[in-house]
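This report describes selected side-chain contacts and backbone features of one protein model. The sequence and the structure are shown first.

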Amino acid sequence: MMKMRIKRSWYWLAGIVTLLSVGCTTAPVQEMSDARQAITAAHEADAARRTPILLDSAEQSLQEAQQQLKNYYYTEARKRAIVAKTQAVQARREAEAQQHVEQQHAAQLAIAAARHAIEDAATLKSLPRDTEDLLSSAETAFQAGNYVLAQKQAESAGQQAESAINQAYLEKARFLINAAKSRRHLKRAELDNLKEAEAALRKQQGKQAYQLISQPD
């Protein structure tokens, strides 16, 4: 009777060990899914361009995990999948950090260009009323860290100012062209400048037309 009890105990213990072993060696379905999702997110953050080495490492780790899974080495597959996810997350974070810096720099350039154009437009007394307000909004967005909005608003302000500048020069050029055409005797160089200025005027190239017609003889 004692031997039977001991034998049954061993069977019971062996069964538990078997169940635990099976539980520890199930396929790492969730880990593989997490790794794939992390790599996809890294691609969406443009990690292939910004952090290619990290992303390549993540994809290589995932391939190794897939191979281990194919060979039923679930423990190793799980480890490689976790590594792949970690590498992909790092690749995405670093890519996003780089993107943040790039957006900040682009916004700074747009704001500087807009400010310069606004100054030129103001000198020509042709600055639209709301252009400075738009640039001010861009600067506020920049200070708040919203660089995409800051760049967009600054570029809009710059375009408004550039358009105003071009219109001012078109008016100046048109006046000088009409004055030149009213003159009876023009030198060959003056005729050439007049012809080129009129061509620029037709193309709505205000500053070029003005520079051509206002050249000294």
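Arg80 forms a salt bridge with Glu64, with the closest N and O atoms 3.0 Å apart. Here a salt bridge is a side-chain nitrogen of Lys or Arg within 4 Å of a carboxyl oxygen of Asp or Glu. Because Arg80 lies in helix α5 and Glu64 in helix α4 (residues 52-70), the pair ties together parts that are 16 residues apart in sequence. Helices (H or I, at least four residues) and strands (E, at least two) are DSSP runs, numbered from the N terminus. Arg80 is partly exposed, at a relative accessible area of 24%, and Glu64 is likewise partly exposed, at 31%. In these terms, buried means under 20% relative accessible area, exposed over 50%, and partly exposed in between, for a 1.4 Å probe and protein chains only.

The model is predicted: local features need pLDDT of at least 70, side-chain atom pairs count only at pLDDT 80 or more, and totals for chains, interfaces and linings use all residues. Residues are numbered from 1 along each chain as its sequence is written, and side-chain values use heavy atoms, with hydrogens and water left out.

A search of the whole structure finds 12 salt bridges. Among them is the pair of Arg78 and Glu31, whose closest N and O atoms are 3.2 Å apart. This pair links distant parts of the chain, with Arg78 in helix α5 and Glu31 in helix α2, 47 residues apart. Glu31 counts as partly exposed, at 22% relative accessibility.

| Arg80 | Glu64 | 3.0 Å |

Arg50 counts as buried, at 12% relative accessibility, whereas Asp46 is partly exposed, at 26%. Asp46 lies in the loop between α2 (29-44) and α3 (47-50). Its phi is near 65°, a positive value in a residue other than glycine. Most residues other than glycine have a negative phi.

Helix α5 has 50 residues and reaches 73 Å from its first C-alpha to its last, close to the 74 Å expected at 1.5 Å a residue. The expected span is 1.5 Å times one less than the number of residues in the helix. α5 is followed by Lys125, whose phi is positive, near 55°. Lys125 is placed in the loop between α5 (74-123) and α6 (131-143), and Lys125 is exposed, with a relative accessible area of 79%.

## Aromatic pairs

The structure holds 3 aromatic pairs. One of them, Tyr72 with Tyr74, is edge-to-face, at 6.2 Å centre to centre and 65° between the planes. Rings of Phe, Tyr and Trp (its six-membered ring) pair if their centres lie within 6.5 Å; planes under 30 degrees apart count as stacked, over 60 as edge-to-face and the rest as tilted. Tyr72 counts as exposed, at 64% relative accessibility.

Tyr169 and Tyr210 form a tilted pair, at 5.3 Å centre to centre and 45° between the planes. This pair links distant parts of the chain: Tyr169 is in helix α7 (residues 147-181) and Tyr210 in helix α9 (residues 206-213), 41 residues apart. Tyr169 counts as buried, at 15% relative accessibility, while Tyr210 counts as partly exposed, at 27%.
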